[in-house]
Amino acid sequence: MAVMKMDCLKGDWGLPSVDLKCLHVMTYAHFVDAPITFSKDGRLWRNLTASYPVFQADKTVIKNSGRKVIDYLKEKDFNADSVLSDQERADVLAYSALVEEKLLPAMLYLWWADAKNHVELSRPWYAKTFHFPFNYFLPGMICQAAEERLGATRGGDNVLPQELQNRVFRDAKECLDFLSEKLSDRPFFFGESPSSLDALVFSYLALLLRVPLPSNELKDHVKQKENLWVYCSRILQRYYPPIPGEEGGQSKDPGANESTGSPDEDPHKIRNIILSVAFAVTAMVGYSILSGLVEIDVTYDGDEGEFEDGSLD
(Lines give C-alpha, C1' and ligand atoms only; values in the text may rest on other atoms or scores of the structure.)
Protein backbone atom coordinates (compact mmCIF):
# COMPACT_ATOMS: atom_id res chain seq x y z
CA MET A 1 0.00 0.00 0.00
CA ALA A 2 1.23 3.47 -0.85
CA VAL A 3 2.30 5.68 2.03
CA MET A 4 -0.33 8.39 2.45
CA LYS A 5 0.39 11.76 3.97
CA MET A 6 -1.42 15.07 4.07
CA ASP A 7 -0.49 18.64 4.95
CA CYS A 8 -3.25 20.38 6.94
CA LEU A 9 -3.95 23.73 8.45
CA LYS A 10 -3.41 23.62 12.21
CA GLY A 11 -6.22 23.17 14.70
CA ASP A 12 -7.61 25.24 17.54
CA TRP A 13 -10.54 25.38 19.95
CA GLY A 14 -10.53 21.61 20.45
CA LEU A 15 -10.53 20.80 16.73
CA PRO A 16 -7.65 19.06 14.90
CA SER A 17 -7.92 21.57 12.05
CA VAL A 18 -9.97 24.71 11.48
CA ASP A 19 -9.88 24.27 7.71
CA LEU A 20 -13.17 22.80 6.51
CA LYS A 21 -11.68 20.51 3.87
CA CYS A 22 -8.90 19.29 6.14
CA LEU A 23 -11.34 18.50 8.94
CA HIS A 24 -13.59 16.71 6.43
CA VAL A 25 -10.78 14.38 5.29
CA MET A 26 -9.41 13.81 8.78
CA THR A 27 -12.83 12.81 10.08
CA TYR A 28 -13.45 10.47 7.15
CA ALA A 29 -10.01 8.91 7.71
CA HIS A 30 -10.99 8.19 11.31
CA PHE A 31 -14.24 6.59 10.18
CA VAL A 32 -12.46 4.12 7.87
CA ASP A 33 -9.13 3.77 9.74
CA ALA A 34 -7.13 5.07 6.79
CA PRO A 35 -3.40 5.21 7.70
CA ILE A 36 -2.73 8.81 6.73
CA THR A 37 0.10 10.78 8.34
CA PHE A 38 -1.15 14.30 8.96
CA SER A 39 1.33 17.17 9.14
CA LYS A 40 0.48 20.60 10.55
CA ASP A 41 3.91 22.18 10.51
CA GLY A 42 2.85 25.18 8.39
CA ARG A 43 5.90 25.14 6.13
CA LEU A 44 4.44 27.41 3.48
CA TRP A 45 7.39 27.19 1.11
CA ARG A 46 5.81 23.85 0.13
CA ASN A 47 2.38 25.46 -0.27
CA LEU A 48 2.82 29.13 -1.11
CA THR A 49 -0.91 29.86 -1.48
CA ALA A 50 -1.92 27.99 1.70
CA SER A 51 -4.28 25.79 -0.33
CA TYR A 52 -5.16 22.97 2.04
CA PRO A 53 -5.27 20.03 2.17
CA VAL A 54 -2.25 18.74 0.24
CA PHE A 55 -2.49 14.96 -0.05
CA GLN A 56 0.25 12.70 -1.41
CA ALA A 57 0.40 8.96 -2.09
CA ASP A 58 3.20 7.80 -4.39
CA LYS A 59 2.78 9.85 -7.58
CA THR A 60 -0.73 11.00 -6.69
CA VAL A 61 -0.96 14.58 -5.44
CA ILE A 62 -4.31 16.18 -4.59
CA LYS A 63 -4.44 19.81 -3.53
CA ASN A 64 -7.25 21.94 -2.12
CA SER A 65 -9.99 19.31 -2.45
CA GLY A 66 -11.33 17.18 0.36
CA ARG A 67 -13.81 15.43 -1.92
CA LYS A 68 -11.10 14.20 -4.31
CA VAL A 69 -9.05 12.84 -1.41
CA ILE A 70 -12.06 10.90 -0.15
CA ASP A 71 -12.74 9.58 -3.67
CA TYR A 72 -9.14 8.35 -3.74
CA LEU A 73 -9.58 6.60 -0.39
CA LYS A 74 -12.75 4.92 -1.62
CA GLU A 75 -10.84 3.58 -4.63
CA LYS A 76 -8.33 2.06 -2.20
CA ASP A 77 -11.13 0.22 -0.33
CA PHE A 78 -11.42 2.76 2.49
CA ASN A 79 -15.10 3.19 1.77
CA ALA A 80 -17.47 4.26 4.54
CA ASP A 81 -20.42 3.93 2.14
CA SER A 82 -19.81 0.33 1.08
CA VAL A 83 -22.52 -1.06 3.37
CA LEU A 84 -25.18 1.36 2.13
CA SER A 85 -27.89 0.43 -0.35
CA ASP A 86 -27.99 1.95 -3.83
CA GLN A 87 -30.71 4.37 -2.70
CA GLU A 88 -28.73 5.40 0.36
CA ARG A 89 -25.61 6.04 -1.72
CA ALA A 90 -27.71 8.20 -4.03
CA ASP A 91 -28.96 10.08 -0.96
CA VAL A 92 -25.37 10.62 0.18
CA LEU A 93 -24.57 12.33 -3.12
CA ALA A 94 -27.73 14.45 -3.07
CA TYR A 95 -27.43 15.51 0.57
CA SER A 96 -23.73 16.27 0.23
CA ALA A 97 -24.42 18.52 -2.75
CA LEU A 98 -27.13 20.30 -0.75
CA VAL A 99 -24.80 20.86 2.20
CA GLU A 100 -22.08 22.30 -0.04
CA GLU A 101 -24.56 24.57 -1.81
CA LYS A 102 -26.28 25.90 1.32
CA LEU A 103 -23.71 25.82 4.12
CA LEU A 104 -20.45 26.68 2.37
CA PRO A 105 -21.52 30.26 1.46
CA ALA A 106 -22.59 30.79 5.07
CA MET A 107 -19.23 29.58 6.34
CA LEU A 108 -17.38 31.89 3.95
CA TYR A 109 -19.58 34.79 4.99
CA LEU A 110 -19.07 34.20 8.71
CA TRP A 111 -15.28 34.00 8.42
CA TRP A 112 -14.56 36.67 5.83
CA ALA A 113 -17.54 38.87 4.86
CA ASP A 114 -18.78 39.64 8.37
CA ALA A 115 -16.73 42.70 9.35
CA LYS A 116 -16.73 42.00 13.09
CA ASN A 117 -15.63 38.39 12.67
CA HIS A 118 -13.02 39.35 10.10
CA VAL A 119 -11.40 42.05 12.23
CA GLU A 120 -11.61 40.37 15.63
CA LEU A 121 -10.96 36.69 14.81
CA SER A 122 -10.41 35.50 11.23
CA ARG A 123 -7.64 37.78 10.03
CA PRO A 124 -5.75 37.89 13.38
CA TRP A 125 -5.91 34.10 13.70
CA TYR A 126 -4.53 33.49 10.21
CA ALA A 127 -1.91 36.22 10.63
CA LYS A 128 -0.74 34.54 13.82
CA THR A 129 -0.80 31.07 12.26
CA PHE A 130 1.23 31.92 9.14
CA HIS A 131 4.88 32.75 9.73
CA PHE A 132 6.66 35.80 8.36
CA PRO A 133 6.42 37.02 5.62
CA PHE A 134 3.32 35.08 4.57
CA ASN A 135 1.25 36.47 7.44
CA TYR A 136 1.29 39.87 5.74
CA PHE A 137 -0.44 38.90 2.52
CA LEU A 138 -1.96 35.40 2.71
CA PRO A 139 -4.93 36.36 4.96
CA GLY A 140 -5.87 39.05 2.44
CA MET A 141 -5.61 36.59 -0.45
CA ILE A 142 -7.84 34.09 1.35
CA CYS A 143 -10.36 36.81 2.14
CA GLN A 144 -10.45 37.97 -1.47
CA ALA A 145 -10.98 34.42 -2.75
CA ALA A 146 -13.84 33.91 -0.28
CA GLU A 147 -15.53 37.16 -1.31
CA GLU A 148 -15.21 36.25 -5.00
CA ARG A 149 -16.74 32.83 -4.31
CA LEU A 150 -19.62 34.45 -2.44
CA GLY A 151 -20.21 36.93 -5.24
CA ALA A 152 -20.20 34.22 -7.89
CA THR A 153 -22.69 32.00 -6.05
CA ARG A 154 -24.94 34.55 -4.38
CA GLY A 155 -25.71 37.30 -6.86
CA GLY A 156 -22.48 39.18 -7.44
CA ASP A 157 -22.27 42.97 -7.28
CA ASN A 158 -26.01 43.42 -7.80
CA VAL A 159 -26.81 42.22 -4.26
CA LEU A 160 -26.71 44.65 -1.36
CA PRO A 161 -24.66 43.55 1.69
CA GLN A 162 -27.72 43.13 3.93
CA GLU A 163 -29.56 41.21 1.23
CA LEU A 164 -26.55 38.93 0.78
CA GLN A 165 -26.41 38.23 4.51
CA ASN A 166 -30.14 37.49 4.69
CA ARG A 167 -29.99 35.16 1.70
CA VAL A 168 -26.93 33.25 2.92
CA PHE A 169 -28.27 32.71 6.43
CA ARG A 170 -31.76 31.81 5.25
CA ASP A 171 -30.38 29.08 3.00
CA ALA A 172 -28.10 27.79 5.76
CA LYS A 173 -30.90 27.61 8.33
CA GLU A 174 -33.15 25.76 5.90
CA CYS A 175 -30.35 23.25 5.30
CA LEU A 176 -29.74 22.78 9.04
CA ASP A 177 -33.47 22.21 9.59
CA PHE A 178 -33.46 19.60 6.83
CA LEU A 179 -30.42 17.82 8.29
CA SER A 180 -31.98 17.79 11.75
CA GLU A 181 -35.11 16.19 10.35
CA LYS A 182 -33.18 13.56 8.39
CA LEU A 183 -30.90 12.68 11.31
CA SER A 184 -33.83 12.28 13.71
CA ASP A 185 -32.71 10.26 16.76
CA ARG A 186 -30.19 8.04 14.93
CA PRO A 187 -26.50 8.12 15.92
CA PHE A 188 -25.54 8.68 12.26
CA PHE A 189 -27.51 9.62 9.16
CA PHE A 190 -27.84 6.05 7.91
CA GLY A 191 -27.94 4.12 11.15
CA GLU A 192 -25.28 2.85 13.52
CA SER A 193 -22.23 3.39 11.28
CA PRO A 194 -20.86 6.69 9.95
CA SER A 195 -20.89 7.45 6.23
CA SER A 196 -19.08 10.00 4.09
CA LEU A 197 -22.07 12.31 4.60
CA ASP A 198 -21.47 12.23 8.35
CA ALA A 199 -17.85 13.31 7.85
CA LEU A 200 -19.00 16.30 5.78
CA VAL A 201 -21.87 17.40 8.03
CA PHE A 202 -19.77 17.03 11.18
CA SER A 203 -17.07 19.28 9.71
CA TYR A 204 -19.54 22.13 9.23
CA LEU A 205 -21.25 21.65 12.59
CA ALA A 206 -17.97 21.43 14.51
CA LEU A 207 -16.69 24.70 13.05
CA LEU A 208 -20.00 26.44 13.65
CA LEU A 209 -20.14 25.30 17.27
CA ARG A 210 -16.48 25.41 18.34
CA VAL A 211 -14.97 28.49 16.67
CA PRO A 212 -15.69 31.53 18.91
CA LEU A 213 -16.81 33.92 16.19
CA PRO A 214 -18.04 37.17 17.79
CA SER A 215 -21.03 37.25 15.43
CA ASN A 216 -22.57 33.87 14.63
CA GLU A 217 -26.34 33.49 14.54
CA LEU A 218 -26.02 30.03 12.96
CA LYS A 219 -24.42 28.71 16.15
CA ASP A 220 -27.57 29.65 18.06
CA HIS A 221 -29.67 27.98 15.38
CA VAL A 222 -27.71 24.73 15.65
CA LYS A 223 -28.07 24.76 19.44
CA GLN A 224 -31.83 24.91 18.98
CA LYS A 225 -31.60 21.57 17.13
CA GLU A 226 -30.70 19.31 20.03
CA ASN A 227 -30.05 16.26 17.89
CA LEU A 228 -27.49 18.16 15.77
CA TRP A 229 -25.32 19.45 18.59
CA VAL A 230 -25.54 16.12 20.46
CA TYR A 231 -24.52 14.39 17.22
CA CYS A 232 -21.55 16.74 16.82
CA SER A 233 -20.50 16.33 20.45
CA ARG A 234 -20.68 12.55 20.21
CA ILE A 235 -18.36 12.44 17.18
CA LEU A 236 -15.92 14.81 18.88
CA GLN A 237 -15.79 12.67 22.00
CA ARG A 238 -15.44 9.40 20.09
CA TYR A 239 -12.88 10.40 17.47
CA TYR A 240 -11.19 13.51 18.91
CA PRO A 241 -10.94 13.11 22.68
CA PRO A 242 -9.18 16.05 24.37
CA ILE A 243 -5.60 15.63 25.52
CA PRO A 244 -5.55 16.00 29.34
CA GLY A 245 -3.79 19.12 30.50
CA GLU A 246 -3.16 20.54 27.04
CA GLU A 247 -3.89 24.24 26.71
CA GLY A 248 -6.94 25.22 24.69
CA GLY A 249 -8.52 21.77 24.86
CA GLN A 250 -6.76 20.60 21.73
CA SER A 251 -8.04 17.25 20.54
CA LYS A 252 -5.98 14.14 20.14
CA ASP A 253 -5.80 12.45 16.77
CA PRO A 254 -6.16 8.76 17.69
CA GLY A 255 -7.06 7.25 14.33
CA ALA A 256 -4.18 8.52 12.25
CA ASN A 257 -0.52 9.35 12.62
CA GLU A 258 0.49 12.97 12.97
CA SER A 259 3.70 14.91 12.52
CA THR A 260 4.05 18.27 14.23
CA GLY A 261 7.10 19.09 12.18
CA SER A 262 9.01 21.28 14.62
CA PRO A 263 11.14 23.78 12.69
CA ASP A 264 14.13 22.81 14.84
CA GLU A 265 13.99 19.34 13.31
CA ASP A 266 14.18 20.68 9.76
CA PRO A 267 17.75 20.26 8.43
CA HIS A 268 17.09 22.92 5.76
CA LYS A 269 15.48 25.46 8.08
CA ILE A 270 17.82 28.39 7.28
CA ARG A 271 17.72 27.78 3.54
CA ASN A 272 13.93 27.56 3.50
CA ILE A 273 13.51 30.75 5.53
CA ILE A 274 15.80 32.65 3.15
CA LEU A 275 13.91 31.32 0.13
CA SER A 276 10.59 32.24 1.72
CA VAL A 277 11.69 35.80 2.42
CA ALA A 278 13.19 36.19 -1.06
CA PHE A 279 10.01 34.95 -2.70
CA ALA A 280 7.82 37.25 -0.60
CA VAL A 281 9.98 40.31 -1.29
CA THR A 282 10.04 39.56 -5.01
CA ALA A 283 6.27 39.09 -5.08
CA MET A 284 5.61 42.35 -3.20
CA VAL A 285 8.02 44.38 -5.35
CA GLY A 286 6.55 42.90 -8.52
CA TYR A 287 3.03 43.71 -7.36
CA SER A 288 4.06 47.29 -6.50
CA ILE A 289 5.54 47.86 -9.95
CA LEU A 290 2.67 46.26 -11.86
CA SER A 291 0.04 48.14 -9.86
CA GLY A 292 1.76 51.49 -10.37
CA LEU A 293 2.68 52.03 -6.73
CA VAL A 294 6.33 52.25 -7.80
CA GLU A 295 7.56 53.79 -11.04
CA ILE A 296 11.02 53.40 -12.55
CA ASP A 297 12.22 56.23 -14.77
CA VAL A 298 15.12 55.47 -17.07
CA THR A 299 16.48 58.04 -19.58
CA TYR A 300 18.82 57.30 -22.45
CA ASP A 301 21.43 59.71 -23.78
CA GLY A 302 21.70 58.89 -27.44
CA ASP A 303 24.97 60.82 -27.99
CA GLU A 304 26.94 59.12 -25.22
CA GLY A 305 25.35 55.72 -25.67
CA GLU A 306 24.87 55.43 -21.91
CA PHE A 307 21.94 55.31 -19.49
CA GLU A 308 21.62 58.14 -16.99
CA ASP A 309 20.84 57.41 -13.35
CA GLY A 310 17.29 56.14 -12.83
CA SER A 311 15.16 56.87 -9.82
CA LEU A 312 12.41 55.22 -7.81
CA ASP A 313 9.37 57.39 -7.17
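Accessible areas here come from the Shrake-Rupley method with a 1.4 Å probe, and for residues only the protein chains shown count as cover. On that basis the protein chain has an accessible surface of about 16700 Å², and carbon and sulfur atoms hold 52% of it. This is a predicted model, in which local features need pLDDT of at least 70 and side-chain atom pairs count only at pLDDT 80 or more, while totals for chains, interfaces and linings use all residues. Residues are numbered from 1 along each chain as its sequence is written, and side-chain values use heavy atoms, with hydrogens and water left out.

The protein chain contains 10 helices and 9 strands; these are DSSP runs numbered from the N terminus, helices being H or I of at least four residues and strands E of at least two. Of its 313 residues, 45% count as buried. Buried means under 20% relative accessible area, exposed over 50%, and partly exposed in between, with a 1.4 Å probe and protein chains only. Among contacts (heavy atoms within 4.5 Å) with a separation of 6 or more, 68% are between residues 24 or more positions apart.

Helix α6 covers residues 161-183. Its expected span is 1.5 Å times one less than its number of residues; for 23 residues that gives 33 Å, and the end C-alpha atoms are 33 Å apart, which agrees.

Axes are lines fitted to C-alpha atoms, for helices over the stretch in contact, and angles run from 0 to 180 degrees between N-to-C directions. L176, L179, S180 and L183 of α6 meet N227, L228 and Y231 of α9. This contact divides into 5 nonpolar, 2 polar and no charged residues. Ala, Val, Leu, Ile, Met, Phe, Trp, Tyr, Cys and Pro count as nonpolar, Asp, Glu, Lys and Arg as charged, and the others, Gly among them, as polar.

Helix α9 (residues 226-239) also meets α7 (residues 196-210), where the axes come within 9 Å and cross at roughly 100°. This pair, too, is therefore roughly perpendicular. Among the residues in contact are V201, F202 and L205 of α7 and W229, C232 and I235 of α9. The contact of α7 with α9 holds 11 nonpolar, no polar and 2 charged residues.

Now the backbone. Most residues other than glycine have a negative phi, and most peptide bonds are trans. S184, which follows α6, has a positive phi of about 55° although it is not a glycine. S184 sits in the loop between α6 and α7 and is partly exposed, at 36% relative accessible area. D77, in the loop between α2 (66-75) and α3, has a positive phi of about 70° and is exposed at 70%. A cis peptide bond, with omega about -5°, joins Y52 and P53.

Conventions:
Angles under 35 degrees count as roughly parallel, over 145 as roughly antiparallel, 65 to 115 as roughly perpendicular and the rest as oblique.
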